[in-house]
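Welcome! Please have a look at the sequence and the model below, and then read on.

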Amino acid sequence: MPYQHVLVAIDLTDECDPVMLRAQKLATSSEAKLSVVHIVEPMAMAFGGDVPMDLSMLQQQQFDQARERLDTFVKKHPEISPDKCHLAYGQPRQEIHRLAEEQQCDLIIVGSHGRHGLALLLGSTANDVLHGAPCDVLAVRLKKAH
Ligand code: AMP
């Protein structure tokens, strides 16, 4: 059975180009719909969840910047219709799963660095998304190891 609706998770760095290319090819060959999502992570999460100051203004700026970058990304990829382009706020795994379910996607595509050593112990978004996913997950291997 070919896939019908592919959801690509993009981190809006240069690295999302190979992930997007793979997704486009797959969606075209399966004649599937293609949606993209970027998640803005709560700043407090980066500080361990307990921050003794109000981050709401910074958080809004971060969200606005992400919106601008996502708009630029969509302009570069006219094959993605604006209504298939999602910006969400929260924890990437949770939001990607939620959107995949809501949009009835049958494949999620993420990039993977193929980390090793300590970074492997710390985990990755690809690894995180795989666990408990509501559908298939494809991890596109990214060449540069970080
Ligand atoms: P990472 O493990 O954080 O290096 O990210 C690996 C892959 O996870 C990226 O190539 C994206 O496909 C996905 N990803 C990471 N962060 C986000 C994010 N904030 N929003 C959507 N997808 C993301």
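## Around the ligand

An N or O atom in the side chain of H113 lies 3.1 Å from an oxygen atom of the ligand, a pair that falls inside the limit for polar contacts (N or O atoms within 3.5 Å; within protein, one must be able to donate a hydrogen and the other to accept it, and residues adjacent in sequence count only if both atoms are side-chain atoms). The backbone takes part too: a polar backbone atom of G111 is 3.0 Å from an oxygen atom of the ligand, and a backbone N or O atom of I10 is 3.4 Å from a ligand nitrogen atom. Taken alone, the ligand exposes 480 Å², and the protein buries 89% of that. Such areas come from the Shrake-Rupley method with a 1.4 Å probe, and for residues only the protein chains shown count as cover.

Which residues come nearest to the ligand? Of the 13 around it, they are A9, I39, G111, H113 and T125; a residue counts as near when one of its heavy atoms lies within 4 Å. Strand 2 (33–40) and strand 4 (107–112) each supply at least two residues of this shell, and strand 2 gives the largest share, three residues.

## How to read the model

This is a predicted model, in which local features need pLDDT of at least 70 and side-chain atom pairs count only at pLDDT 80 or more, while totals for chains, interfaces and linings use all residues. Residues are numbered from 1 along each chain as its sequence is written, and side-chain values use heavy atoms, leaving out hydrogens and water.

## The chain as a whole

The chain has six helices and five strands, running β-α-β-α-α-β-α-β-α-α-β from the N terminus on. Helices (H or I, at least four residues) and strands (E, at least two) are DSSP runs, numbered from the N terminus. Of the 146 residues, 40% are buried; buried means under 20% relative accessible area, exposed over 50%, and partly exposed in between (1.4 Å probe, protein chains only). The chain exposes about 9,000 Å², with carbon and sulfur atoms supplying 54% of it.

## Helix 4

In helix 4 (residues 92–102), the buried residues are P92, E95, I96, H97, L99 and A100. They pack against strand 1 (5–9), strand 2, strand 3, strand 4 and helix 6 (125–130). Just after this helix, Q104 takes a positive phi of about 55 degrees.

Start with H77, in the loop between helix 3 (56–76) and strand 3 (85–89). Is H77 buried or exposed? With a relative accessible area of 10%, H77 is buried. Its side chain makes a polar contact of 3.3 Å with that of Q24. Leaving aside neighbours within four places in sequence, H77 is in contact with D17, M20 and Q24.

Now look for Q62, found in helix 3. Q62 is partly exposed, because its relative accessible area is 26%. Not counting residues up to four places away in sequence, Q62 touches V40, E41 and M43. Q62 and M43 are 19 residues apart in sequence, and their C-alpha atoms are 8.9 Å apart in space.

Key
Contact means heavy atoms within 4.5 Å.
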